[in-house]
Amino acid sequence: MLRAFLAALTLTAALGTAAAPAPATPRSPPESERLAHDILAELVGIDTTHARGDAKAAEALIARFRAAGFPDADLFIGGPKPDKMNVVVRLRGTTKAPAVLFNAHLDVVEATRDTWTVDPFTLTEKDGYYWGRGTLDVKNEVAIFSANLIRLRREGWKPARDVILAFNVDEEAGGDAPGVEWLLKEQRPRVEAGLVINADAGHGQSRAGVRLWNAMQTSEKVYATYSLTTHGRGGHSSVPWPDNPIARLAQAIVRLNAYEFPVRLSETTRGYLAAYAGRVGGEEADAIRAILANPADPEAAKRLRGARVLNAQLHSTCPVTVVAGGQSESALPIKAQATIQCRLLPDEKPEEVLATFRRVIADPGVEIGVEFAPLASPPARLDPAVTEVVERVTREMWPGVPVVPVMSAGASDNVFWRGAGLKTYGVSGTFVDENDLRAHGNDERVSIAAFYESLEFSYRLMRALAGR
């Protein structure tokens, strides 16, 4: 499958772009678009940050599905705590074939009003975008899946296999029992499926208004958090000791920041990089091809370090994200600490990461702690039957746009789905410009056109995957 994709990509590059104007992208019926908009507006208007919980959003969704005629036997709301409620909805199929499950999370990261130009918890339409916390990560996908399942029921469509929607809590902040992990442990029969499609882990990638490809996530980097701690003897600042713990910590941070983990490429990242080189051209493409030819090429890696999206595909990354130290302006520090937030390649060995830290920092006075141990996240092999469906629906929506395998630089709930042995891919029809990635940032937004195109893409994907 990967060889066929690369061959097609080479042919596309050789032929160049067609002169004829592209046909209009298909859209859903107006009533379906209105429903998706209304659900998105309702969800954005509910603060589902970790402190607030997800219960109100979950209850709002259950109310909509119940009003659309879904029987209570096919609706589930529940979770580990009263304010942490997951939603599972089922559209019954005509056979006993394994279900297809579509997943997205309900929670969002925090948003501070005075750092935004709009109210983060009100859906705002401006400049061709929907603005608000969760419009891209990932309440837009919750609204899309919900509107489409309601549409399918209203149309009277009977899938061959059950279609399940699972909207979970605590993807962003974690908790005593994160949503998907809790569902798999406590409600496994409700989410048992032959295939999981997680819209939080894949999306279309564009650059300057040009669609590059639709991504199919097969693997993701592993989330891990470490701490660096130094200690001092304290005392009055007028008579300092020679070994200041803040200075010692700073030296360790500088050494670690200058270090780059070795470049290691998988089948997925090779396919992604080849696609990137074929689409962008120029010096950037030359550096990518050099890395593909020789992953140990230091000059090529250096040239790509400033390309954040590409650099994250090449190797593990471990930036410092939090620093704290000292207790008073006039007192020598007793303790200093830094948080190192790693995104490790799926096959990175945890013990080798710690050994690397010790070697690079080269100071036994710096304590290295494991705050959140990495969870194994084995990559999924591309299933030709599933890939063919994603490619076909992508061609229907956007002729000439390829489907590209990708490793997510961030973490998602796929680590739990795959860890439970379920065939899982990240797929979404929402296209995002690689230079306008605002998830987790201020003024989060999604293109209005991209939102409604994704609505129709996901509708067609649901029918194609569940209708077989």
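Thr 229 has its bridge partner in strand 12, and that partner is Gln 337. The model is predicted, so local features need pLDDT of at least 70 and side-chain atom pairs count only at pLDDT 80 or more, while totals for chains, interfaces and linings use all residues. Residues are numbered from 1 along each chain as its sequence is written, and side-chain values use heavy atoms, with hydrogens and water left out.

Strand 10 (residues 222-231) and strand 12 run antiparallel and are joined by 10 bridges. Strands here are DSSP runs of E with at least two residues, helices are runs of H or I with at least four, and both are numbered from the N terminus. Two strands count as paired if DSSP finds at least two bridges between them. Strands of a sheet pair through backbone hydrogen bonds, either parallel or antiparallel.

Contact means heavy atoms within 4.5 Å.

Tyr 223 lies in strand 10. Together with Phe 372 and Leu 375, Tyr 223 makes a nonpolar surface patch of about 260 Å². Patch residues have over 30% relative accessible area and no salt bridge; nonpolar side chains (Val, Leu, Ile, Met, Phe, Trp, Tyr) are joined within 5 Å, like charges within 9 Å. Areas come from the Shrake-Rupley method with a 1.4 Å probe, and for residues only the protein chains shown count as cover. Tyr 223 has 31% relative accessibility and counts as partly exposed. Buried means under 20% relative accessible area, exposed means over 50%, and partly exposed is in between (1.4 Å probe, protein chains only).

Now turn to strand 14 (residues 403-408). Six of its six residues are buried, so strand 14 is largely enclosed by the rest of the structure. Val 403, Pro 405 and Met 407 point one way from the strand. Val 404, Val 406 and Ser 408 point the other way. Strand 9 (residues 210-220) pairs with strand 14 in the parallel sense, over six bridges. Within strand 14, Met 407 is the bridge partner of Ser 219. Thr 268, in helix 8, touches both of these residues; its contacts also include Thr 218, Pro 405 and Val 406, not counting residues up to four places away in sequence. Thr 268 is itself buried, at 11% relative accessibility.

Phe 65 sits in helix 3 (residues 55-67). Buried or exposed? Phe 65 is buried, with a relative accessible area of 1%. Among the residues it touches are Phe 70, Leu 75, Val 89 and Leu 149.

Salt bridges come next. A search of the whole structure finds 29 of them, each a side-chain nitrogen of Lys or Arg within 4 Å of a carboxyl oxygen of Asp or Glu. One joins Arg 133 to Glu 444, with the closest N and O atoms 2.7 Å apart. Arg 133 lies in the loop between strand 5 (129-131) and helix 4 (139-154), and Glu 444 in the loop between strand 16 (431-433) and strand 17 (445-447), so the pair ties together parts that are 311 residues apart in sequence. Arg 133 is buried, at 2% relative accessible area. Glu 444 is buried too, at 0%.

Another salt bridge pairs Glu 284 with Arg 207, their closest N and O atoms being 3.4 Å apart. Glu 284 is in helix 9 (residues 282-293) and Arg 207 in strand 8 (residues 204-207), 77 residues apart. Glu 284 is partly exposed, at 23% relative accessibility. Arg 207 is also partly exposed, with a relative accessible area of 24%.
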